[in-house]
Amino acid sequence: MRNSLLGMMLGLPLILAGCGDSGGSTISVTMMAQMSSGQSGTAVLTDKGDTTQIVITTAGGSDSGAQAAHIHTGVCGSNGPILYPLNNVQGGSGTTTVSAKLSTLTGGKTYINVHSSTNVANIQSCGNIP
């Protein structure tokens with residue numbers, strides 16, 4: 001019995017060490033309406049290990065078409081370069097998995113834009129990734 005217990009105790013650190021950083025951390029980004037669009041919402045970023053899942057949900061505004069969305073370098077309003085294209089937001093939602101760790105997107109150096117379906121230069125909503 002004692003050897004079994006000792007074996008279990010010695011094996012426990014190995015089991016825990018194998019868990020490592022398996023992802024699962026989540027960050028919520030508030031998407032604020034831009035250019036009087038009335039469209040706001042959230043973007044939820046979930047750590048999936050070497051990738052990050054981004055789920056955008058928007059409400060308000062009158063744009064019901066396929067809206068381009070991107071992760072940009074910089075902060076809202078800076079018109080920074082596109083870092084990662086995202087799947088279109090259609091009917092108020094869009095989901096994308098990007099090939100980047102969540103930790104590389106955080107730190108206040110990136111943001112998410114949702115554009116107008118009829119004019120990509122018109123930003124409908126924007127949120128800074130903390």
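Modeller: Contact means heavy atoms within 4.5 Å of each other. This is a predicted model, in which local features need pLDDT of at least 70 and side-chain atom pairs count only at pLDDT 80 or more, while totals for chains, interfaces and linings use all residues. Residues are numbered from 1 along each chain as its sequence is written, and side-chain values use heavy atoms, with hydrogens and water left out.

Biologist: In what order do the elements of the chain run from the N terminus on?

Modeller: Helices (DSSP H or I, at least four residues) and strands (DSSP E, at least two) are numbered from the N terminus. The chain has two helices and eight strands. From the N terminus on, the order is α-β-β-β-β-β-β-α-β-β.

Biologist: What percentage of the residues of the chain count as buried?

Modeller: Buried means under 20% relative accessible area, exposed over 50%, and partly exposed in between, with a 1.4 Å probe and protein chains only. The chain has 130 residues, and the buried part is 33%.

Biologist: Which backbone oxygen lies 2.7 Å from a polar atom of the side chain of T52?

Modeller: T52 is placed in strand β3 and is buried, at a relative accessible area of 0%. Leaving aside neighbours within four places in sequence, T52 is in contact with L45, T46, T96, T97, V98, A100, K101, L102 and L105. The backbone oxygen at 2.7 Å from the side chain of T52 is that of A100.

Biologist: How many residues apart in sequence are the parts tied together by the pair K101 and D50?

Modeller: The structure holds one salt bridge, a side-chain nitrogen of Lys or Arg within 4 Å of a carboxyl oxygen of Asp or Glu. The side chains of K101 and D50 form it, at 3.7 Å from N to O. K101 lies in the loop between β6 (93-98) and α2, and D50 in the loop between β2 and β3, so the pair ties together parts whose separation in sequence is 51 residues.

Biologist: Are K101 and D50 buried, partly exposed or exposed?

Modeller: K101 has 42% relative accessibility and therefore counts as partly exposed. D50 has a relative accessible area of 57%, which means exposed.

Biologist: What is the phi of S36?

Modeller: Most residues other than glycine have a negative phi. S36 is found in the loop between β1 and β2 and is exposed, with a relative accessible area of 80%. Its phi is positive, near 55°.

Biologist: In which loop is N79 found?

Modeller: N79 is not a glycine, yet has a positive phi of about 55°. At 70% relative accessibility, N79 counts as exposed. N79 is found in the loop between β4 and β5.

How values were computed
Polar contact = N/O pair within 3.5 Å; in protein donor to acceptor, adjacent residues only side chain to side chain.
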